[in-house]
Amino acid sequence: SSLGQLDADLVDCRACPRLVQWREKVAAEKRAAYRHEEYWGRPVPGIGPPDARLLVVGLAPAAHGGNRTGRMFTGDRSGDVLYAALHAVGLANQPTSVRKGDGLALRDTRITAPVHCAPPDNKPTPQERDTCSRWLRAELALLVPRAVVVLGGWGWQALLPVLDDAGWAVPRPRPRFGHGVRVDLDGARGPLAVFGCYHVSQQNTFTGRLTPAMLEQVLRTAAEAAGI
Ligand code: SF4
């Protein structure tokens with residue numbers, strides 16, 4: 001598919017010097033627990049079928065998670081929380097995502113991020129966000145989402161302008177991020193319901209700011225809005 005071609009092109013991207021250096025340094029040095037593994041160390045493409053009606057948008061791959069396994073939210077605590085919730089609401093066939101080839105299949109759901117390379121301290125610069133937005137724009141042009149769950153305020157800020165460019169009219173001033181916030185967009189691409197959800201990072205899940213029940217609630221509501 002052309003989405004497959006996009007993903008194949010993406011993994012060769014070297015447009016952000018700082019992130020290329022970081023992702024490769026982490027992959028070379030490794031964390032002790034993973035020293036026998038081959039790290040991916042490249043841009044991490046989205047995962048899920050091209051005709052998915054639900055889109056889940058995070059921030060960027062984690063250094064020892066996606067940057068190690070080559071799959072979004074895979075191999076770290078954030079991903080453990082996310083995939084368990086996706087499975088609980090029927091959007092994934094299994095509650096864990098460990099590595100490529102582990103049998104995971106998403107149902108009507110695609111997971112992607114505004115930045116595809118692991119950034120130092122999980123903080124991409126505004127310039128890196130803008131540079132990577134071309135990939136998100138291209139991905140959105142090939143997808144047919146009816147609802148989006150945005151994990152965290154950073155992803156929200158990054159996604160709204162891209163949605164605007166991609167054919168959904170985003171109101172001005174731009175709607176503010178919040179957990180449980182829902183914004184209904186319309187435009188040339190049809191209706192799109194955008195939902196805010198606290199990010200599945202350990203800062204939120206360890207402190208109870210985001211509980212599995214809260215995450216499942218947003219996913220369930222979004223899946224329903226998407227017609228799933
Ligand atoms: Fe390319 Fe995006 Fe990675 Fe930058 S963050 S190098 S634009 S894939």
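Which helix gives the most residues to the shell around the ligand? H5 does, with 4 residues.

## Basis of the model

This is a predicted model, in which local features need pLDDT of at least 70 and side-chain atom pairs count only at pLDDT 80 or more, while totals for chains, interfaces and linings use all residues. Residue numbers start from 1 along each chain as its sequence is written. Helices (H or I, at least four residues) and strands (E, at least two) are DSSP runs, numbered from the N terminus.

## Ligand shell

There are 15 residues around the ligand, and Cys13, Cys16, Pro43, Cys117 and Cys132 come nearest. A residue is near a molecule if its C-beta atom, placed from the backbone, lies within 6 Å of it. Helix H2 (17-29) and helix H5 (126-142) each supply at least two residues of this shell.

By class, the shell has 11 nonpolar, 2 polar and 2 charged residues. Here Ala, Val, Leu, Ile, Met, Phe, Trp, Tyr, Cys and Pro count as nonpolar, Asp, Glu, Lys and Arg as charged, and the others, Gly among them, as polar.

## Sheet

An open sheet of 6 strands runs in the order S2-S1-S3-S6-S5-S4, with mixed pairing (two strands pair if DSSP finds at least two bridges between them). Strand S2 (109-112) and strand S4 (168-169) stand at the edges with a single partner strand each, so one side of each has no neighbour in the sheet. S2 pairs with strand S1 (residues 54-57) in the parallel sense over 4 bridges, and Val56 stands opposite Ile111 in S2.

Helix H6 (residues 153-165) packs on the sheet and touches S1, strand S3 (147-151), S4, strand S5 (182-187) and strand S6 (192-197). The direction of H6 makes about 150° with that of S3. Axes are lines fitted to C-alpha atoms, for helices over the stretch in contact, and angles run from 0 to 180 degrees between N-to-C directions.

## Packing of H5 and H6

The axes of H5 and H6 come within 10 Å and cross at roughly 50°. The two helices are therefore oblique to each other (angles under 35 degrees count as roughly parallel, over 145 as roughly antiparallel, 65 to 115 as roughly perpendicular and the rest as oblique). Arg129, Ser133, Leu136, Arg137 and Leu140 of H5 meet Ala158, Val162 and Asp165 of H6, contact being C-beta atoms, placed from the backbone, within 7 Å. These residues divide into 4 nonpolar, 1 polar and 3 charged.

## Backbone exceptions

Most residues other than glycine have a negative phi, and most peptide bonds are trans. Lys30, in the loop between H2 and S1, has a positive phi of about 60°. A cis peptide bond with omega about -10° joins Arg172 and Pro173; Pro173 is in the loop between S4 and S5.

Note on methods. Two residues are in contact if their C-beta atoms, placed from the backbone, lie within 7 Å.
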